[in-house]
Amino acid sequence: MLGRKNFDDWHEWVEARLSDYIDNMLPRADRAQLEAHLKGCDRCRASLASMRWTLSLLKRAPAPALPHSFAFAVPARRDPAYGFGFARLATVLATLLLFLVVGVDFVSRFGGGFSASAPAPAAQVAAPTSVALVPQTSPTLAKSAESATALPSPPAAPTAARLFAAPTSAPPGSAAFASPTLEAVGRGGAVETTPADNAAKNAQGTVVAPRSQVAPVRITVTETPMPPTHTPVPPTSTPVSSATLAAQARVQPTLAPVPPRVSTDTSQPIIEPLRVTEIALLFLAVFFGALTIMLRRR
Amino acid sequence: MSMDEPAFIAAAQKGDVAAFNQLVRAYQTLVYRTAYRVLGESAAAEDATQDAFVSAFKHLRSFRGGSFKAWLLRIVTNACYDQLRVKQRRPTASLDAMLIDPDKPAPGADRAAPESPQEFAERQELGDAIQRGLTTLPPDQRVTLVLVDIEGMRYEEVAEATGANVGTVKSRLSRGRAALRDFLVKQEELLPSKYRLKVGQA
């Protein structure tokens with residue numbers, strides 16, 4: 001700043017600008033003024049010298065030693081990833097199984113017992129349903145169901161055998177699904193209930209045994225005489241098939257005595273485990289799903 | 001580090017801790033040194049350094065480029081101010097002797113020979129004297145002085161690191177230098193002779 005200054009003002013003015021002057025940050029005009037003053041002022045020269053000295057000491061000052069490294073600990077990524085993958089897989093499996101079991105349950109309960117083409121497990125599931133439906137349709141069929149399910153002995157087998165009319169029944173699968181006729185489920189499919197009119201048809205040997213057979217038994221309703229209980233049903237069945245039926249009858253203990261209500265009862269032992277399974281799978285799916293989400297957030 | 005620094009920063013911004021650790025190793029000496037000189041004691045300096053790096057990692061996404069050093073030192077100065085507020089005490093209350101890094105001789109040392117024990121002790125005295133002088137300054141002048149005259153940063157970088165403009169940096173620098181100079185002149189007799197002004201270190 002130019003202008004009138006008394007001597008004291010100059011010292012302050014210079015003092016305030018020494019730092020900038022040392023760093024070569026002063027505007028040219030100010031620098032000229034300052035240097036001109038310094039020439040004639042010991043005090044300001046000493047002040048400049050001491051400031052330069054201070055800066056040199058700062059440069060020579062020792063550096064404090066680093067006490068330790070401040071680097072972060074890198075988290076191990078393997079374990080969380082491992083657990084996360086497992087939890088995710090478990091969730092998917094539990095969910096898929098849950099859907100499968102629920103689907104099977106659904107089909108068996110509302111599908112009315114599809115015949116032949118239904119897979120064996122489904123058929124087995126559907127069997128009780130068909131058993132349940134049987135009594136609704138025909139008392140004679142109920143009886144036949146009764147006798148069919150109560151087939152521990154070969155004599156009863158023919159009954160079942162003749163219920164499985166292989167030749168007359170359409171391809172097990174399609175026919176079964178197509179019409180609610182009691183079709184023999186040679187393949188082990190579930191049996192359909194039959195309306196009363198179908199009973200006559202059954203009489204021709206297309207009676208459907210109210211239960212599925214696991215083995216691909218081809219039961220031809222032919223020769224074997226039927227027990228008297230099967231009034232509408234001509235006694236035809238092959239010994240072979242009857243034997244097989246007997247075996248199969250033994251395979252289906254749950255289909256033993258089947259009064260109209262009993263069929264409902266017999267269906268329960270199968271549905272209950274399903275219910276338990278569904279609930280268990282649901283819990284598993286929810287648990288592993290939550291675990292997956294938790295591990296994912298880490 | 002300067003060659004790979006943008007890559008490390010980019011990886012660290014995505015959460016790569018190992019990449020961030022590379023940045024930590026590159027800057028921790030500067031950060032700790034600065035924190036120590038501003039706070040005057042090692043425990044507080046360690047806390048400030050740790051806090052600064054944690055905060056830097058957390059807010060790394062807000063770094064958009066430019067001087068990473070200045071961005072980091074901004075976090076460091078804030079951490080130091082936090083420490084000063086927490087301590088709530090005058091910095092001159094208790095000072096421990098600064099542990100000098102023996103592997104780093106004084107800049108401008110004339111000899112290539114390793115420092116003798118006496119030289120080491122003299123430098124220790126100098127360091128302690130400077131630290132005492134620094135702690136007499138207000139924190140903003142102290143920080144400015146440390147960054148410009150000890151760490152050698154430019155005005156613009158220091159302005160960014162302290163959140164001020166260049167004019168304010170100049171002003172704080174001028175007053176800080178003058179105050180330290182006055183302190184050291186008064187203490188001159190306590191300094192090792194080779195550091196004294198009257199010996200001719202103009």
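This is a predicted model: local features need pLDDT of at least 70, side-chain atom pairs count only at pLDDT 80 or more; totals for chains, interfaces and linings use all residues.
User: Why is α2(A) called roughly perpendicular to α3(A)?

Analyst: Helix α2 (residues 28-39) of chain A packs against helix α3 (residues 42-60) of chain A at an angle of about 115°, and their axes are 7 Å apart. Angles of 65 to 115 degrees count as roughly perpendicular, under 35 as roughly parallel, over 145 as roughly antiparallel and the rest as oblique. The pair is therefore roughly perpendicular.

User: What makes the contact between α2(A) and α3(A)?

Analyst: Helix α2(A) contributes His37(A), Leu38(A) and Lys39(A), and α3(A) contributes Cys44(A), Arg45(A) and Leu48(A); contact means heavy atoms within 4.5 Å. By class, this contact has 3 nonpolar, 1 polar and 2 charged residues.

User: How many residues does each chain give to the contact between chain A and chain B, and what area is buried there?

Analyst: Chain A gives 33 residues and chain B gives 49 residues. About 3,800 Å² is buried, 66% of it from carbon and sulfur atoms; buried area is the accessible area (1.4 Å probe) that two parts lose on being put together, summed over both.

User: Why is the pair Arg181(B) and Glu15(A) called a salt bridge?

Analyst: A salt bridge requires a side-chain nitrogen of Lys or Arg within 4 Å of a carboxyl oxygen of Asp or Glu. The N to O distance between the side chains of Arg181(B) and Glu15(A) is 2.5 Å, and they meet in a salt bridge. The count between chain A and chain B is 2 salt bridges.

User: Which parts of the sequence does the salt bridge of Lys194(B) with Glu122(B) tie together?

Analyst: The closest N and O atoms of Lys194(B) and Glu122(B) are 3.4 Å apart, and the two residues form a salt bridge. Lys194(B) lies in the segment after α8 (166-186) of chain B and Glu122(B) in helix α5 (residues 117-135) of chain B, so the pair ties together parts that are 72 residues apart in sequence.

Note on methods: Residues are numbered from 1 along each chain as its sequence is written. Chains are lettered from A and ligands numbered from 1 in the order in which they are written. Side-chain values use heavy atoms; hydrogens and water are left out. Axes are lines fitted to C-alpha atoms, for helices over the stretch in contact, and angles run from 0 to 180 degrees between N-to-C directions. Helices (H or I, at least four residues) and strands (E, at least two) are DSSP runs, numbered from the N terminus. Ala, Val, Leu, Ile, Met, Phe, Trp, Tyr, Cys and Pro count as nonpolar, Asp, Glu, Lys and Arg as charged, and the others, Gly among them, as polar.
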